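Good morning, and thank you for coming. I would like to take you through one structure, going from a single residue to its sheets, cores and helices.

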Amino acid sequence: MTVRPPEKDFTDANLKVGPPKTWAVGLPAIEHAMLPALGELDPERTAKVAFSINHKAGFDCPSCAWANPDRSKPLEFCENGMKSVVWESAPATIPTEFWQRHSLADLAEKSEYWLGLQGRVVEPVYKAPDSDHYVPIGWDEALDLVADKLRSLDDPDQAVFYTSGRITNEPAFLYQLFARAYGTNNLPDCSNMCHEATGAGMTAAIGVGKSTVHYDDFAKADLVMVMGQNPGTNHPRMLNALQDCKVNGGKMIGVNVLPEASLLRYKNPQKPIGLIGDGIAMSDQFLHIRIGGDMHLIQAIAKRVLLAEQLDPGNVLDWDFINTYCEGFEEYRDHILALDDDEVLDATGLTAEEIDTAARHYLDSDATIITWALGITQHRKAVGTIAEIMNLLMLKGNIGKPGAGASPIRGHSNVQGDRTMGVWEQMPQPFLDRLGEEFSFTPPTEHGLDSVDAMNAMERGDIRFFMSMAGNLQAAISDSNRADSGIGNVDLTVSVTTKLNRSHAVTGKASLLLPALGRTEYDVQKSGRQFTTVEDTVCFINESRGELPPISDEVRSDVWILCELGKRLLGDTQIPWQEFQDDYDTIRDRIARVIPGFENFNERLRTGRRGFLLAHPPRDSRTFPTPTGKARFTVHTPEHITCPPGRLILQTLRSHDQHNTTMYGLDDRYRGISQGRFVVFVNPDDLAELGLADGDTVDVFSEWPDSPDRVLRGYRAVSYPTKKGCAALYFPEGNALIPRESVAEGCNTPTSKQVIVRLERSDERAATGRPVTV
């Protein structure tokens, strides 16, 4: 069965707004996942993917990076995981006549939702410099065009190689090897725009930028603080781990600007009580925080812990941990004790009593996990906030013991694995030395361009070639309107993709789309059926084996595409591209020799678990790979974000029917929105003070020092229980409001969670998927 997509783009003329939900998942999640699957895939394909996703003999979910408790379970249900699988594996394909019917100018006016609905790309297509249409092209001709363009560049640094978390470990390793053997470290990825601050903040504290917990630690925790994330939409399977904490007597503190449904109550659809009962209350305390107040909150809790130690010397802090494993404590202590309590209350919007209660929960806990996502990482002070999280954990020795630790939640499957495999513009010298020794070449040492700097370089005309292994950089980057003009300066853009997105409609002077296998599809090469691996958010390496036949004979695996390019451009002498293409075990053998922790890679995969946990010195043995060998307390000054009168602090966020820039539908069920996206969530008291009413049409202007205002026009104001003084609208549309120059200190992550805006009444609602901006 093939579901044909609509010819016309959607409008939000049918937008409906209802009350937000006070619980998450339950029976509706099964209904919203399985009915579309049965409608678009048919029962046989639905059963095959449902019982293969996150199974040890199946494929890893292409959606979020959340860990699997036990891959031998017959079904690890997740609404958003099923949506992602249906989106990828539905049999709708783009016919050849589509490219004749739609010019790039036409496609550029379409919404992300409409573009994705057109179906899978199933043949290579090429847009010539003097054309406004893609036309089908053979694989040999397409790959020759790529190799010829790279050969023609004056400098390898005129090329940029971007990727997202869609690709798995083996192609990620080959991708960075290809780029570095060619001669550049220009390897930006989607981490630059989400968890870059996590790596910087954690590495400064403990020497490692990854989670210090196992999956099972959640069940052992006395306390879990969930900060700046919405598990029910972005990683629903995490709710099972949080439920384990609660069932075993642990407590949970939710910290968020919006009272997200999953932080309030969870109905587990795999348990009877979740289907017919009331589920389980999640947050023992919900801290309804003001945008940008997280560092103040963490420091305020830490101050209360230090004051409690003064009242009961030797019995509050973990002095054995601090004295044995840490440095910098005295300076940190003095800084925290001088914290301005009145500023804390202004910055957080919380009461002293609320902070006292949170501190008491922390003091009463012998094992605490603090977990966070983009609500923490996309601020100007994000790196310092994450370092302060580490400071608070270290006060009571919550690193390297059961039920305790730091748990950053990566949002995209294998985005962490890509970085482990070397997809980073700043890989350390020891990695480059091992890579060069293994393949007998000298990798470049100068740091390359990250995502923000790459877009700036395109705008200057410094980049002539841009390749993307999955991803949608133009939509995901801040100042997205500027991105459109910058990418137009590039000679050739190349996208390895499964489906259409905006990056394929707004291109360089010439453009290629190369159709790739999806993660749900099996991959057969010369030595037989292949598998790849992914790394989840708790550093576990899992096999991934597709179960469905490829949607077309013309789609190719990521590994095949990279190996064919490698043979054409670099030859097959130093790097055995043909060997890698024929048998992916040979790639893993090289990974095992280059990347610590992957020793005996193939052998360790061929166990009953079909995976293994990567070593993590702070977690495993309280060994800290910092310059001094000690975990370090660091000192940071928080930023008190203030608003001029009549202004709000805005953040961007995802809807429920969305993963990154991909829209599976037009509903945000838990927030009460259906059939539309052009809404701005505003506290009812703020609406009244601004002279607006629920349902008014408004233009949203962002205001920045030394930068022109940016605007999204024709949005519906929705009265919503967000924190007073704060507002929210959807990503990626909201990226148009953020100047590319506004980035986090200590890394180049766009500040998508602290945008000063004013709302002005408008006369006209946005009508299409591309809201008007100036």
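**A buried serine and its surroundings**

Ser-63 counts as buried, because its relative accessibility is 4%, and the limit for that class is under 20%. Please keep in mind that this is a predicted model. Where does Ser-63 lie? Its place is the loop between α2, residues 43–50, and α3, residues 79–89. If neighbours within four places in sequence are set aside, Ser-63 is in contact with Asn-80, Gly-81 and Ser-84, with Gly-411, His-412 and Ser-413, and with His-659.

Let me turn to the parallel sheet. In what order do its strands run? The order is β10-β7-β6-β12-β13, so named across an open sheet of 5 strands with parallel pairing. At the edges are β10, residues 285–288, and β13, residues 405–408, each of which pairs on one side only. On average, and with direction ignored, neighbouring strands of this sheet are turned by 15 degrees against each other.

Strand β12, residues 368–372, runs parallel to β13 and is joined to it by 4 bridges. Within this pair, Ile-370 stands opposite Ala-406 of β13.

Helix α14, residues 294–311, lies across β6 (223–227), β7 (251–256) and β10, and runs at about 160 degrees to β6. Helix α18, residues 352–364, also packs on the sheet. This helix touches β6, β7, β10 and β12, and its direction makes about 135 degrees with that of β10.

We come now to the nonpolar cores. The largest holds 70 residues, and those that touch the most other members are Met-225, Met-227, Leu-297, Ile-301, Trp-372 and Leu-395. Which helix gives the most to this core? That is helix α20, residues 382–395, with 9 residues. As for Leu-297, residues up to four places away in sequence are not counted, and its contacts are then Met-227, Val-255, Leu-287, Ile-289, Thr-348, Leu-350 and Ile-355. Another core, of 65 residues, lies apart from the largest one; among its members are Leu-143, Phe-441, Phe-531 and Ile-561.

Next, a pair of helices. The axes of α23, residues 451–460, and α25, residues 480–487, come within 7 Å and cross at roughly 50 degrees. That angle makes α23 oblique to α25, and the crossing is left-handed. On the α23 side, Met-455, Asn-456, Met-458 and Glu-459 take part, and they meet Arg-482, Ala-483, Ser-485, Gly-486 and Ile-487 in α25.

Finally, I turn to strand β28, residues 697–704. Why can β28 be called largely enclosed by the rest of the structure? The reason is that 8 of its 8 residues are buried. In a regular strand, side chains alternate between the two faces of the sheet. In β28 both faces are covered: Thr-697, Asp-699, Phe-701 and Glu-703 are buried on one side, and Val-698, Val-700, Ser-702 and Trp-704 on the other.

Strand β28 has two partners to mention. With β29, residues 707–719, it runs antiparallel over 6 bridges, and Trp-704 has Ser-707 as its bridge partner there. The hairpin of β28 and β29 has 2 residues between the strands, and Asp-706 takes a positive phi near 60 degrees. With β31, residues 755–761, β28 pairs in the antiparallel sense over 5 bridges, and Phe-701 stands opposite Arg-758.

Thank you for your attention.

Definitions and conventions
Residues numbered from 1 in each chain as written. Predicted model: local features only at pLDDT ≥ 70, side-chain atom pairs only at ≥ 80, totals over all residues. Heavy atoms only, no water. Pairing = 2+ DSSP bridges. Axes fitted to C-alpha atoms, helices over the stretch in contact; angles between N-to-C directions. Contact = heavy atoms within 4.5 Å. Core = buried A, V, L, I, M, F, W, Y, C linked by side-chain atoms within 4.5 Å. Buried < 20%, exposed > 50% of the residue type's maximum accessible area, 1.4 Å probe, protein only. Parallel < 35°, antiparallel > 145°, perpendicular 65-115°, else oblique. Left-handed = near helix turned anticlockwise from the far one by under 90°.
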